[in-house]
Amino acid sequence: METIDLTKSSLRDLNELLQRQSEIANQKQWEIINPKGAHAVAVGLNASLELSVKGSTGYYCAGMNQKANIKVYGSAGPGVCENMMSGCVTIEGDASQYAGATGQGGLLVIKGNAASRCGISMKGIDIVVHGNIGHMSAFMGQSGNLVVLGDTGDALGDSIYEARLFVRGNVKSLGADCVEKEMRSEHLNILQDLLNRSNANADAKEFKRYGSARKLYNFDIDNAGNY
Amino acid sequence: MCGIVGLFLKDKSLETALGEMLTQMLITMSDRGPDSAGIAIYKNPTNSFTKITVQSSQPQIDFKNIKTELDNFSNQKLEIITIDTHAIITIETKYLNNIKEILTTSFHNIRIMSIGDSIEIYKEVGLPETVANRFDISKMSGSHGIGHTRMATESAVTTMGAHPFSTGNDQCLVHNGSLSNHNSLRRKLLKEGIKCETDNDTEVAAAYLTYKMNDGYNLGDALKAGITELDGFYTFLVGTKSGFGVLRDPIACKPAVLAETEQYVAFGSEYRALVNLPNIDIAKVWEPEPATVYFWEH
């Protein structure tokens, strides 16, 4: 295990060092201490590293992650795990707005609450939030799964494409073109697998599924009022 | 983008460190707002005396002349403490209206920053660290204070465009965001007898809250009314003589973090503004909900 203290090492040096680690490098275990809310901690990683961040982070932590398994022992600021490609990111505390935005793959687990716009424009990422999420989450979500054990804010899944939304608690309101859908066995399997992988103590049968009514895909003059 | 910080102390033993803590928080927010900075600090409230904070671009001349003129008026020695471009004039409250009249009619080069029993406002153009050092903010004590680092969007980079804005006694407001209906609201407030001094959008929000509080609303209810009448993006931090309040617009794209311990409530645009506060590791830290009013009072 190599420990990097962000009060002694610069953020640029840290990210360069982590990005230089290749699949053949020996050092897989990393620990970052004293992040003190710094921006862009551990961005652009592209090897299967095991990384712990001991404290809360600022904007854009773990952005563009590929392959790495990153755990933040604290809360994360806006844009955590933006555009993740693969790997796994776990936030032990809360996440601020647009967590997992535009993510294309991998798993983001938020043990606390996520604020507004969680999973906005998600493109294949799986996001599991153990607490609640804020308004406009999964806006224009294209693919992937957003799982919420708690409640959601307003306008869940507004203008959604093919992302799947699973919610156990209350949905404050659904966005345009987002509807409740039948939970079939294939959905239960996907959901239970995500719950298990994110250490969520929950049964897939307790959830409801939401997704696109597919009425806003193409412009239709009759839908003008919905835009 | 702008940066906001605030500290409301529950534990009186921290009061002597208020300026030091706020200064550190303010400097941390420099890259959110490098063009100007300001601090409102609430300290030493007095019953029969009122403090007027004034600013001048030629302080040596103006503040001396103010002292001469006001000494003649009241036959009493007034206390004027000069701090860089600002001065704190302490007067007997019964003379407030007369002295305001003298200041506004005879001294066209000075600007009134705040009036109140306990509020003092210091703001200038420049990097937050430079501004804080000019006024020696770190040596100040007080019960609560709010600070702002500005990246201007809605009006020019001037001393008067810097935050906090004070439009009522012991009230002030700082803002991250931009309001879109400030011109129409400014005209509406003028009809109600509330005049804004600048073209700045934030001053209109401050004046709106003053208008509501003059109408009998408490801070919390005034902020609630603002949710329907103020259009645009905002995270506000508002100070009054007894406390401070937070409000974010319903879209809530401007960041905000609150932290609370038994000793204090702290606000920062980002968590990194709060990291050096005592016991922050065990504080309750959370992001305020959109369109929800939070306020604390002594």
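**Two chains, one sheet: a quick chat**

Colleague: Which strands of chain B do the 6 bridges join, and how do the strands run?

Modeller: They link strand S1 (residues 3–9) to strand S8 (residues 144–150), both in chain B. The two run antiparallel. Keep in mind that this is a predicted model.

Colleague: What is the bridge partner of B:Ile4 in S8(B)?

Modeller: That is B:His148.

Colleague: And which helix packs on the sheet?

Modeller: Helix H1 of chain B, residues 18–28. H1 touches S1, S8, strand S2 (36–42) and strand S13 (264–268) of chain B. The direction of H1 makes about 160° with that of S1(B).

Colleague: Back up a bit. What is the order of the strands in the open sheet of chain B?

Modeller: S7-S2-S8-S1-S13-S12-S14. That is 7 strands, with antiparallel pairing.

Colleague: Which strands stand at the edges?

Modeller: Strand S7 (119–125) and strand S14 (284–286) of chain B. Each has a single partner strand, so one side of each is left without a neighbour in the sheet.

Colleague: How much is the twist from one strand to the next?

Modeller: The twist averages 10°.

Colleague: What holds strands of a sheet together in general?

Modeller: They pair through backbone hydrogen bonds, either parallel or antiparallel.

Colleague: New topic: chain A. How many helices and strands?

Modeller: Chain A has 2 helices and 11 strands. Along the sequence, the pattern reads β-α-β-β-β-β-β-β-β-β-β-α-β.

Colleague: What is the radius of gyration of chain A, and what would a compact globule have?

Modeller: Chain A has 18 Å. A compact globule with 227 residues would have a value near 17 Å, so the two agree. Along its principal axes, the C-alpha trace of chain A spans about 60 × 35 × 30 Å.

Colleague: How many of the residues of chain A count as buried?

Modeller: 51% of the 227 residues.

Colleague: Now the two chains together. How many residues are in contact?

Modeller: 13 residues of chain A are in contact with 10 residues of chain B. By class, the chain A side has 8 polar, 3 nonpolar and 2 charged residues.

Colleague: What ipTM and pTM does the predictor give the complex?

Modeller: The ipTM is 0.93 and the pTM is 0.94.

Colleague: And what is the mean pLDDT of chain B?

Modeller: The mean is 94. In chain B, 99% of residues reach 70 or more. As a rule, where pLDDT is low, the predicted coordinates should not be read in detail.

Conventions
Residues numbered from 1 in each chain as written. Chains lettered and ligands numbered in written order. Predicted model: local features only at pLDDT ≥ 70, side-chain atom pairs only at ≥ 80, totals over all residues. Contact = placed C-beta atoms within 7 Å. Nonpolar A, V, L, I, M, F, W, Y, C, P; charged D, E, K, R; others polar. Helix = DSSP H or I, 4+ residues; strand = E, 2+ residues; numbered from the N terminus. Rg over C-alpha atoms; globule rule 2.2 N^0.38 Å. Buried ≥ 20, exposed ≤ 12 C-beta atoms within 10 Å, placed from the backbone. Pairing = 2+ DSSP bridges. Axes fitted to C-alpha atoms, helices over the stretch in contact; angles between N-to-C directions. pLDDT = per-residue confidence, 0-100.
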